[in-house]
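The sequence and the model are shown first.

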Amino acid sequence: MSQSVYALNVGREGFDRLALVQKIYGPKSREWLLRSGLRPGMRVLELACGTGAMTRVIADSIVPGGSLVAVDNSEAQLETAKASCAGVDGVEFVRADACATGLPEGSFDLVYFRLLAMHLPDPAGLLRHIRTLLKPGGILVCEEAAIDSTFTDPPYAEQLILHEMAAALASDHGSDFNVARRLGSLINEAGFESLEVSAHMPIYVRGEEKFLEVASFGEALNHWQSAPIEVIREGREICEDLSRAASDERVVYGLSTMRQFAAKRPAAA
Ligand SMILES: C[S@@+](CC[C@H](N)C(=O)[O-])C[C@H]1O[C@@H](n2cnc3c(N)ncnc32)[C@H](O)[C@@H]1O
C-alpha cells in the first residue's frame with residue numbers, strides 16, 4: 001500500500017482529542033524542542049500540525065525574527081489550526097503530504113513532527129524527505145507514542161486485546177502504530193547523526209486524561225472500514241470496559257509512552 005488512510009477524526013471533530021493530547025504531552029514536547037535547540041530567529045517546519053496545538057508553542061519560541069511553516073494534508077485540520085493560531089505572527093499554513101511537501105530543499109533550521117510517522121506507510125521515506133529539507137547541520141526533532149505500552153493497575157485483559165486490535169487496524173490502514181519502537185534506527189538509516197533520545201509515560205489515577213486511550217481507539221473504530229462488524233462490536237465493548245476502568249479512581253492508568261528523538265543532518269552532506 002503506497003498511501004495510508006488517516007485513522008482518526010479531523011477538524012472540529014478531532015479537536016478535543018488533540019487538545020487532550022496537548023494537555024498531557026505538550027509541556028514535555030516544548031521542553032524537548034528547547035533542549036534540542038529550538039531558538040529565536042530559526043526557520044522551522046512543523047509537519048502534521050493537526051489542529052495547531054504545537055504550532056502556537058513553536059511560533060512563540062522563535063520570536064523575534066523566526067518563521068514557521070505548518071504543514072498538514074487535511075484541509076479541515078489546517079482550517080482549525082489557522083483558527084486556533086489567530087493572532088500568532090510568522091506562521092504560514094501549507095496543505096501538503098509530509099513525505100513530499102514540494103518545499104525548497106536545504107531551507108529549514110529545524111523540522112518537527114509529533115504523532116505522524118505512526119500513520120504513514122513509509123516512515124523511512126518521511127525521514128529521507130526531511131533530511132533534504134533541512135539545511136546542513138539542521139535539526140530533526142520528533143515524538144511518537146508506543147501505543148502498545150499502555151497499562152492499567154490492576155491489569156485489564158481487555159487492554160491487551162485493544163493493543164492487538166489497534167495493531168491490526170493500523171496494518172489495515174498501511175501503517176504501524178508502534179513505529180516509535182524502531183524510529184531511532186530509521187533516523188540513523190536515513191543519514192542523520194548525533195541521535196538523542198528520551199521517553200516519558202504519563203500515569204493517572206483521576207481526571208479526563210485517563211480517557212485518552214479509549215477516546216482515540218473509539219474514534220479509530222469509526223474509521224476502520226474493512227473490519228467485520230463483530231470486530232467493531234468487540235472493540236466497542238472493550239471501550240466500555242476500559243471507560244469504566246478510567247472512571248474508577250482505584251485504577252491506575254498508564255498512557256502511551258512518548259518517545260522523543262532529535263538528530264542532525266550532517267553539516268557536510
Ligand atoms: C495524531 S494527529 C497529530 C497532530 C499534531 N502533530 C499533534 O501532535 O497535535 C496526526 C496528524 O497527521 C496528519 N497527517 C496524516 N498523514 C499525513 C500526511 N501524509 N501528510 C501530512 N499530514 C498527515 C493528520 O491530518 C493529522 O493532523
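## Basis of the description

Axes are lines fitted to C-alpha atoms, for helices over the stretch in contact, and angles run from 0 to 180 degrees between N-to-C directions. Helices (H or I, at least four residues) and strands (E, at least two) are DSSP runs, numbered from the N terminus.

The model is predicted: local features need pLDDT of at least 70, side-chain atom pairs count only at pLDDT 80 or more, and totals for chains, interfaces and linings use all residues. Residues are numbered from 1 along each chain as its sequence is written, and side-chain values use heavy atoms, without hydrogens and water.

## Helices α1 and α7

Helix α1 (residues 12-36) packs against helix α7 (residues 212-222) at an angle of about 150°, and their axes are 11 Å apart. The two are therefore roughly antiparallel (angles over 145 degrees count as such).

On the α1 side, the contact (heavy atoms within 4.5 Å) is made by E13, R17, L20, V21, I24 and Y25, and on the α7 side by L212, S216 and E219.

## Strands β2 and β3

Strand β2 (residues 67-72) pairs with strand β3 (residues 91-95) in the parallel sense, over five bridges; pairing requires at least two bridges found by DSSP. A70 lies opposite F93 in β3.

## The antiparallel sheet

Three strands, in the order β6-β9-β8, form an open sheet with antiparallel pairing. β6 (151-153) and β8 (203-204) are at the edges with a single partner strand each, so one side of each has no neighbour in the sheet.

Two bridges join β8 and strand β9 (residues 252-254) in the antiparallel sense. Y204 has Y253 in β9 as its bridge partner.

Methods:
Angles under 35 degrees count as roughly parallel, over 145 as roughly antiparallel, 65 to 115 as roughly perpendicular and the rest as oblique.
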